[in-house]
Amino acid sequence: MNAPATRDSTRHALSEARIPEDLFARMRSDNLARWPTGAGVDFEAAIERHQSLPPHKQLARVMRAADAQRRCLTQPRGGFGTFELQRELMQTLDRDGHADIVPTTTDSYTRNEHWQLAQKGIEESEKMGRSMLNGYPMVNYGIEYARRLIDAIDKPAIMLTGTTMPRLTGEIGYAAGYSGYLGSGIAYTASYIKELPIEEGIRNYQYLDRLVAMYQERGVELHRRQPGFLTGTNIPPCIAIVTCVLDCLLAAAQGVKNYGLEMGETLHLVQDAAATVVCREMCQEYLARRGHRDVFTPVTLLHWMGAWPQDDAQSAALLAYGGTLAAIAGAVSVTTKTAHEAYGIPTPQANAEGLRTTRMAIYLARHIRLDGLPEFEREKELIRREVRPIVDKVLEMGDGDAAIGTVRAFRAGVLDIPWSPNRGVQSRVLPARDGDGCLRIVDAGLMPFPKEILEFHEERLRRRAERDGIAFGPDLAVASVYEISEPIAKLLPDRWQLDARGASA
Amino acid sequence: MSGRMRTIVTGVIGSDTHIVGNRILAMALEKAGHKVVALGALTPAADFVRAAVETRADAILVSSLYGQGELDCRGFRDLCVEAGLEDILLYVGGNLVVGKRSWEETAQTYLEMGFDRVAPPGIRSEAVIEWLGRDFAARERGQRRADP
């Protein structure tokens, strides 16, 4: 059912090195031949297309401007199964939601390159009059329709494709005038697929990054973005940032200059602010060691990525708080959710409301900073001390090559991701929320964190385990998965049990 | 609760990678004394049925979180029947449709597809284990399943 893999003639030994021009030309012609709409990609026309877009519709420029002005942009998710529904959605997000960046989420068949199934999904959606796909089948509709989507809005557009197989979707979307693409070889392969080896995911994204570098050579800067939120389930910042740094090194090696990093919010203000600063700092530190001094690496925070409450009022609090966190943390953009998150894919109106709720919160919090706060400075230093030993070990395992090191490190469990569906990831590392509300590591698996760091995590987590009467270990991790989705009356009871003197009984 | 150890197939259907709740469910089922055949994320319908035949399973628990479950689950009961599993207990649960439709409407859609129980978003493992206990007991009394 899947489209055929890379032909042997275009298969090179895995390394982080830039794909040579002649080889890349062959890889492209093979790739574009995999589905009829691929033939519509004309690189010269694509360059012209981007040159004709006004600067405010080019995401790379908008991200740089937002960073320079210390703005926090908003960007929702959103994708429906037919062109008409998708256009209407994007216009609603642009006009009613005031989205700074307009998304196109592809459906899960497209993500897995099951284009024939996606075709059926389009037909079913048209027949039923409602979307039967969870996103827009970008490849099936092809370039002409994608261009019309871009023309229907007055903002930059980003492809959100949750896939390890971005090559054809990316070619078509970028050629049509999309100026951003979310996805990376390490993060998505570890988080979004069961059978694909990490190596293949890295190769697939090296293709996309190489394509973006080809546009760059012609003066068209496109935005690439890394999904460091991983499985979206209580990812401690250090684990996210390790993948951010490694994916960033791989992208820079192909020639990418505008590379965003995304992290899910922990929901602890200080930890999120520290993570935002240190993520960018660590990326720049390791880029500089490789001689890359001109890669722009803005950080995006994402609204809570775990399970959401059923209650719309509780969800509204998560939306507003999520905007607040992102603004104070200094994130260049925030990726929003909606009050429908617990039920599934939101209506365009609910999506627009989530954007406006978030936007108001950003406005209210926009001047607040944590610089100098001792807890903030301590947390930043802690994250640095967590990230460096892992990244250094991975690079050492690859004899300096980030691609080879990553593959070996996953095999050895040195790199590990909580709650991973991928068979090639050990997924022994287990996170949980500690007594202060920060995400920490209950069980590091085989990840080589320094001993004193793990002792600190354990001490914080044991405090919570004792307070809440939960066994320290996997139970604490499971309780942390559900916590935020619990009814508010359980999380913060309004029935006081006091004795005659007013003390807690 | 029926004492005999049961074999239960779990997994996330279709092109869906949401594995967390499914894995927690598998952990809880094992703790409750069941034998769990966990197929993980991204599992085609046919793989559930094949695994159920191979392991002589008593129930198949299908998870879907990404909205496309309606397309993935169509014909699931027929696949079971074709494989000689006419009476296998079938549950489905998660975020089962695209958009905010009423739960009654969603549940009815899946009951008509031949699922014995439809679990709403956010359901906890304990509730599923209780259903299984009552349904297995009902089976021993010759009923299709216990009352809702």
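Tutor: Helices (H or I, at least four residues) and strands (E, at least two) are DSSP runs, numbered from the N terminus. The structure under discussion is a predicted model.

Student: How many helices and strands does the secondary structure of chain B come to?

Tutor: From the N terminus on, the elements of chain B run β-α-β-α-β-α-α-β-α-β-α. Counted by kind, the secondary structure of chain B comes to six helices and five strands.

Student: Which strands stand at the edges of the sheet of chain B?

Tutor: The sheet of chain B is open, with five strands in the order β2-β1-β3-β4-β5 and parallel pairing. Two of these strands each have a single partner, so one side of each is left without a neighbour in the sheet. The strands at the edges are β2 (35–38) and β5 (117–119) of chain B.

Student: In β5(B), which residue is the bridge partner of Gly93(B)?

Tutor: Strand β4 (residues 89–94) of chain B pairs with β5(B) in the parallel sense, over three bridges. In β5(B), the partner of Gly93(B) is Ala119(B).

Student: What radius of gyration does chain B have, and why does it agree with that of a compact globule?

Tutor: The C-alpha atoms of chain B fill a box of roughly 40 × 30 × 30 Å along the principal axes. With 148 residues, a compact globule would have a radius of gyration near 15 Å, and the value for chain B agrees with this. The radius of gyration of chain B is 14 Å.

Student: Is Ile19(B) buried or exposed?

Tutor: Ile19(B) has its place in the loop between β1 (7–12) and α1 of chain B. A residue is buried if 20 or more other C-beta atoms lie within 10 Å of its own. Because Ile19(B) has 26 C-beta neighbours inside 10 Å, it counts as buried.

Student: Which residues of chain A are in contact with Ile19(B)?

Tutor: Neighbours within four places in sequence are left aside here. Within chain B, Ile19(B) is in contact with Val12(B), Gly40(B) and Ala41(B). From chain A, the residues in contact with Ile19(B) are Trp419(A) and Pro421(A).

Student: Which element gives the most to the side of chain B that touches chain A?

Tutor: The contact takes 23 residues from chain B and 29 residues from chain A. On the side of chain B, the elements that give two or more residues are α1 (20–31) and α3 (69–73) of chain B. By class, this side of chain B has ten nonpolar, nine polar and four charged residues. With three residues, the element that gives the most is α1(B).

Student: Why is strand β6 of chain A largely enclosed by the rest of the structure, and how many of its residues are buried?

Tutor: Tyr259(A), Leu261(A) and Met263(A) point one way from β6(A), while Gly260(A), Glu262(A) and Gly264(A) point the other way, and all are buried. Strand β6 (residues 259–264) of chain A is therefore largely enclosed, the number of its buried residues being six of the six.

Student: Which helix makes a right-handed β-α-β unit with β6(A) and β7(A)?

Tutor: β6(A) pairs with strand β7 (residues 299–302) of chain A in the parallel sense over four bridges, and Thr300(A) in β7(A) is the bridge partner of Glu262(A). Four bridges also join β6(A) to strand β5 (residues 223–227) of chain A, again running parallel. With β5(A) and β6(A), a right-handed β-α-β unit is made by helix α11 (residues 237–254) of chain A. With β6(A) and β7(A), the helix of the right-handed unit is α12 (residues 269–289) of chain A.

Student: Which residue follows α8(A)?

Tutor: Ten of the ten residues of helix α8 (residues 167–176) of chain A are buried, so this helix is largely enclosed by the rest of the structure. The buried residues include Arg167(A), Glu171(A) and Tyr174(A). With a positive phi, near 120°, the residue that follows α8(A) is Gly177(A).

Note on methods:
Residues numbered from 1 in each chain as written. Chains lettered and ligands numbered in written order. Predicted model: local features only at pLDDT ≥ 70, side-chain atom pairs only at ≥ 80, totals over all residues. Buried ≥ 20, exposed ≤ 12 C-beta atoms within 10 Å, placed from the backbone. Contact = placed C-beta atoms within 7 Å. Nonpolar A, V, L, I, M, F, W, Y, C, P; charged D, E, K, R; others polar. Pairing = 2+ DSSP bridges. Right-handed = clockwise from strand over helix to strand, strands pointing away. Rg over C-alpha atoms; globule rule 2.2 N^0.38 Å.
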